[in-house]
Amino acid sequence: MEREYFFTSESVSEGHPDKVADRISDAVLDAHLALDPYAKVACETLVTANLVVIAGETFSGAGVDVEAVARKVIRDIGYDDESSAFSHRARVEVRLHAQASEIRQGVDRSGGEVGAGDQGLMFGYACTETPELMPLPIMLAHNLMRRQADLRRDGRHPWILPDGKSQVTARYIGDRPVSVETVVLSTQHTPDFCGRRLEDAVIEEIIKPVIPEGIRSGNIRYHVNPTGSFTEGGPATDTGVTGRKIIVDTYGGSCPHGGGAFSGKDPTKVDRSGAYAARYIAKNIISAGIAEKCIVQISFAIGVSKPTSLWVNLCGTGTVDEKTLESIIPGVFPVTPKAILETLQLRRPIYSKTSAYGHFGRDDADFTWENTGRSEEILRASGAL
């Protein structure tokens, strides 16, 4: 008998405090890259009531007004009420200093080679659960938060405020999702719109348009604002810090995570670029029809251009030997920092849009790691074609 189990993933809105911090950090990175594609940036942000602290290291000739960047991000997200305890008028403290020369000399190698900007291990994942080749629970959780933001921004539901969280539990049989059993959605709201009226609106206007009727369990449970009300939210009530939503950013817990966050780091930092490359490899393997699930791990040493390891796990669903794939991947895919940067065109100011709704499974031309143009190459190299 095939095993039955339940699996849950979550997402958070762009107005969630941690995502406000991620967005500011990525916007500071983008501002540098727009002026200097070779800028080195490692930027961390903390947001709390009436205060934004931006700290980290940079090496660039770009003159960026970091405070102005932060204020614009906060206003664009929707925290524009100057009478509230957090808005674009909050105090902004900038504590960016020069990147250590020893790190820089390890990255910018002689002969044009690029060394990894740090040591670390990264995972990429892909599966056949959704058209995006992503796990179903995390895709639905992200889509709920996108829907919440769309309804807030287009003015149809002015009672929706920026902060929010979602959680989706799916029932699996034999490692395939068969139904959605539970949906949790908490959205910040105005005090005048609450109770049953809010619950009905969230279910009908946010949840049902996102969760297809055919996949909803006959006994599906909805938990809308389980505490009863959510009028106070955002950094005014909950401190946010860059890099605290790494499972939301990736695969919702469906595969291992190396531990490194992405936001605020320029692409010489392999926490970011290595994770994008691993997703690129895994997605092309799945797109090629070689397996139904694929996990790729890649690791690096600081200042070294070649990976210290490369591992492929097809989770028992593959038609090609995993050792064969590990041997041919370096000839088909970019696995050195320089090749990753060039192939995936990562020296561009594209990162602000990655800061909410996940870094993977997105239909956006700038998300080059989502391209599947090397599926035929991996088939030919593996002898499967």
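Which residues have the most contacts inside the largest nonpolar core? This is a predicted model, in which local features need pLDDT of at least 70, side-chain atom pairs count only at pLDDT 80 or more, and totals for chains, interfaces and linings use all residues. Residues are numbered from 1 along each chain as its sequence is written, and side-chain values use heavy atoms, with hydrogens and water left out.

**Stop 1: the cores**

Select Ile24, Leu325, Ile329 and Ile378: these have the most contacts inside the largest nonpolar core, which has 77 residues. A nonpolar core is a set of buried Ala, Val, Leu, Ile, Met, Phe, Trp, Tyr and Cys residues joined through side-chain atoms within 4.5 Å. Buried means under 20% relative accessible area, exposed over 50%, and partly exposed in between, for a 1.4 Å probe and protein chains only.

Next, select helix 7 (residues 270-287), which supplies ten residues, the largest share of this core. Helices (H or I, at least four residues) and strands (E, at least two) are DSSP runs, numbered from the N terminus. Another core, of 27 residues, lies apart from the largest one; Leu136, Met145, Val210 and Ile220 are among its members.

**Stop 2**

Go back to Ile24. Leaving aside neighbours within four places in sequence, Ile24 is in contact (heavy atoms within 4.5 Å) with Thr45, Val47, Val52, Ile54, Ala70, Val73 and Ile74.

Now show helix 1 (residues 17-35) and helix 2 (residues 66-77), which pack at an angle of about 135 degrees with their axes 9 Å apart. Axes are lines fitted to C-alpha atoms, for helices over the stretch in contact, and angles run from 0 to 180 degrees between N-to-C directions. Helix 1 is therefore oblique to helix 2; angles under 35 degrees count as roughly parallel, over 145 as roughly antiparallel, 65 to 115 as roughly perpendicular and the rest as oblique. On the helix 1 side, the contact includes Val20, Ile24 and Ala27, and on the helix 2 side Ala70, Val73 and Ile74.

**Stop 3: helix 8 and helix 10**

Select helix 8 (residues 322-332) and helix 10 (residues 375-382), whose axes come within 10 Å and cross at roughly 130 degrees. Thr324, Leu325, Ile328, Ile329 and Val332 of helix 8 meet Glu377, Ile378, Ala381 and Ser382 of helix 10.

**Stop 4: Ser299**

Finally, select Ser299 in strand 10 (residues 293-300). Why does Ser299 count as buried? Its relative accessibility is 9%. The side chain of Ser299 makes polar contacts with the side chains of Thr308, at 2.5 Å, and Ser309, at 2.6 Å. A polar contact is a pair of N or O atoms within 3.5 Å; within protein, one must be able to donate a hydrogen and the other to accept it, and residues adjacent in sequence count only if both atoms are side-chain atoms.
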